[in-house]
Structures are given as structure tokens and as C-alpha cells.
Amino acid sequence: MASLKLTAPSSQWIAGERPLCQRRCVLKAPSRRVAAGLIRAGSYTDELVQTAKSIASPGRGILAIDESNATCGKRLASIGLENTETNRQAYRQLLLTTPSLGEYISGAILFEETLYQSTTDGKKFVDCLREEKIMPGIKVDKGLVPLPGSNNESWCQGLDGLASRCAEYYKQGARFAKWRTVVSIPCGPSALAVKEAAWGLARYAAIAQDNGLVPIVEPEILLDGDHPIERTLEVAEKVWAEVFYYLAENNVVFEGILLKPSMVTPGAEHKARASPETIAKYTLKMLNRRVPPAVPGIMFLSGGQSEMEATLNLNAMNQGPNPWHVSFSYARALQNSVLKTWQGRPENVEAAQKALLVRAKANSLAQLGRYSAEGERDEAKAGMFQKGYTY
């Protein structure tokens, strides 16, 4: 029998090379396209579009505090605190009850534990966010595991039971979701790893939309490596071509998603540094070549850049008009100064919250293309790249 072939935007693949998730079924699902050509996401379509627009609003971005308990424990250990639920709750309360945070932050990605937690006064964290007009989001993937048959690469698990989890998260107040998978340039990346990442993201996005959650699509291209910026551009274009091919195959509503890409930079160990203007040039080139204007928002990850570096690069990308809202979804690049200021001491909470507002305002200005690094403290200039970093 002749081998089965399907042409994707960036490559051809045969049946024996299908992504792991796709090998279980070869039947094409019935199309959900309506007569006008709009792809539907069940009864939630209008809400999804409105949620995505709200998050992608001028001068605002996303605070990512969805670190697993283990990773949050590493953050706490850096200031001498034990990894206990009480300490995790105290730190997240500091972040989520920061006065006027909603002026600069439109969404907050939470870990499952945090979604169900409350302040020490008994107020749900979700309600704290709503009062600031910040959309609550939720990390829904189950982490990275080795990908058999690959070049020491990973794939992201969590599709099993995802629909029921998303439905429960929606009831709890979440309105958007995040699924992070990674691509490693030093490891290839192999065609298998790229297709598996793209297929997993597409299945997740379709399931999230069917349950009322705007999916953040995040194929992180890791900073690890000594490759030049041109190689990062090449890989990023390949990855995003695959991602959008499979998003379309899964009938995902583009107007109801958000992207969380890596910026196109040289590898962290490359001998030459790139300026913010160069990073902006290559990143916007990639986005214009691969991302439809129907997508409402591009919310960049910081990926281990220093706080100031991530802000400068974002500012450079907003010096002219873009077809999408170009903003931030930062974790370390918003939290680093906060942790160092807090040090786990109750008397430092107010100062730590002010440190968060400083970083949030800086990135708000960068989203508007009006940021200046003048007056930045030395802590904001410290790089945070960790080789082989995991959540």
C-alpha cells in the first residue's frame, strides 16, 4: 500500500512520522465551519473574542505566576524560605493584592493551587483580580516528558482529562488558559519534536475554546545554545508555520486565541549580543510572515532575559504600528525585583508591591512604545538565563 502523505506549510510527512497524539486516529473530524466561513467554538465564541480583546488592551499585559509548586519553591529558597503552602500563598497574595495593578496588568496566569486559594482574610484570589479588572488565567498542561524517538527532546503532556479540567476551571472563574511546550535548537530541533509540539498545542487550544477558555499558545524556543539570530529566525518560522497549520486543522478560532512566543534572539551563549532594534527587526519579521492579523494579541515571554532587557526589546517592537497588540506575559522579568525586595518579611510587603508596580508600569510603557531605561536600578539589569530551565 502506498504511504499516506499530507502537505503542511513547511514540510511533508508520512504516516509513520505522524505526531504521537495523531497516530491514534486517522479520521478527520467533521468541520465546524459555518456558511460565512467563520470557525465556531461552540456557544463561547463571542465570549472568547471579547476575553482576548480585553487581555490585549492598550498599555497592559500579563503577569505570569503559574510556576509549579517545585519551581515556586526554588524562588522561595532564593530568599531563604521553605517551600510550604503557607509561604506560597503569602507570596502570591502579595502579588495579587497589589493596589492599582490592573492599570498595567490585564491577565494573571495562575497555578491550579492558586486558582482555589484565598487571602488570609478569606477573599478569593479570583475576586481580587476581578476587582482590578484583571482576567484570571490557568496553567493547564501537565509538564514536559522525554519524547521517544527524538534527539533528547521533550513533549508536553496533559491532553487526557483536559476538557473536564477546563470546565471546572471556568466554573472557578478562569477565563483563559496556558499550555507551554518547548523547542530546543541545540537538539535539532527534530521534525518529530516540532510536529508533536504543534499538534499538542492545537488540540489543547480547541479543547480550551470548547470550554470557554481563551488559549494562550506557547511553543517556547529556548534560549539555550550558541547559534546566531538568523538560526533562531529559521527555527521560529518553521515552528509557527506548523502551529498555525494544526490550529486550522483543529478548527481553532484565531480571534479567540493569544500567542506567547519567544523573542527572536541569538542563543544565550552566542559570542555577539543583539541590540533591541535588531531583536525587534527579526522578531517582527517572523511574526509578519507567520501570524494572521486575526490574532488579537502577541504576549511575549521573557525567557531568562533581564528585567530591563525584556522591557527594552518590547519597547523596540512598539515603535511603529503592528497588526496585533504586541505586549508581555512575563514571570521572572516581573517578579525578580519583587522577591528580592520582599525577602519573606511582612514589613516588606508594601515595598515589594511597589517594586511590582515599577516593573509593570515599565512594561506598560514599552507596550505603548514610550519606555526609557533611564533611572533603572542595577537589579533590573541582571540576566536570569538558566541553562536547561524547567518550570
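Predicted model: local features only at pLDDT ≥ 70, side-chain atom pairs only at ≥ 80, totals over all residues.

I started with Cys156, which is buried at 7% relative accessible area, where buried means under 20%, exposed over 50% and partly exposed in between (1.4 Å probe, protein chains only). Cys166 is buried as well, at 0%. Then I counted disulfides, meaning pairs of cysteine sulfur atoms within 2.5 Å, and got zero.

Residues are numbered from 1 along each chain as its sequence is written, and side-chain values use heavy atoms, with hydrogens and water left out.

**The core**

Which residues have the most contacts inside the largest nonpolar core? They are Tyr204 and Leu247, in a core of 106 residues. The biggest contribution comes from helix H8 (residues 229-249), with eleven residues. For the record, a nonpolar core is a set of buried Ala, Val, Leu, Ile, Met, Phe, Trp, Tyr and Cys residues joined through side-chain atoms within 4.5 Å. Helices (H or I, at least four residues) and strands (E, at least two) are DSSP runs, numbered from the N terminus.

I listed what Leu247 touches, leaving out residues up to four places away in sequence: Leu201, Ala202, Ala205, Val217, Val252, Phe254 and Ile257. Contact here means heavy atoms within 4.5 Å. In soluble globular proteins, nonpolar side chains tend to be buried together.

**Two asparagines in loops**

Asn211 is in the loop between helix H7 (191-210) and strand S9 (214-221). Is Asn211 buried or exposed? It counts as buried, at 16% relative accessibility. Its side chain reaches the backbone oxygen of Ile207 at 2.9 Å; a polar contact is a pair of N or O atoms within 3.5 Å, and within protein one must be able to donate a hydrogen and the other to accept it, while residues adjacent in sequence count only if both atoms are side-chain atoms. Beyond four places in sequence, Asn211 touches Tyr44, Ala163, Cys166, Ala167 and Tyr170, so Cys166 from my first entry turns up again.

Asn348 is in the loop between helix H11 (332-342) and helix H12 (349-367). Asn348 also counts as buried, at 18%. With neighbours within four places set aside, Asn348 is in contact with Thr341, Trp342 and Gln343. I checked Leu94 too: Asn348 and Leu94 are 254 residues apart in sequence and 10.0 Å apart in space, C-alpha to C-alpha.

**Salt bridges**

Searching the whole structure gave me 16 salt bridges, each a side-chain nitrogen of Lys or Arg within 4 Å of a carboxyl oxygen of Asp or Glu.

Arg92 and Glu113 meet at 3.3 Å, N to O. Arg92 lies in helix H3 (residues 85-96) and Glu113 in helix H4 (residues 112-115), so the pair ties together parts 21 residues apart in sequence. Both Arg92 and Glu113 are buried.

Lys178 and Glu218 meet at 3.5 Å, N to O. Lys178 is in strand S8 (residues 176-183) and Glu218 in strand S9, 40 residues apart.

Arg273 and Glu309 meet at 3.0 Å, N to O. Arg273 sits in the loop between strand S10 (258-259) and helix H9 (276-290), and Glu309 in helix H10 (residues 307-317), so this pair ties together parts 36 residues apart in sequence. Arg273 is exposed at 68%, whereas Glu309 is partly exposed at 21%.
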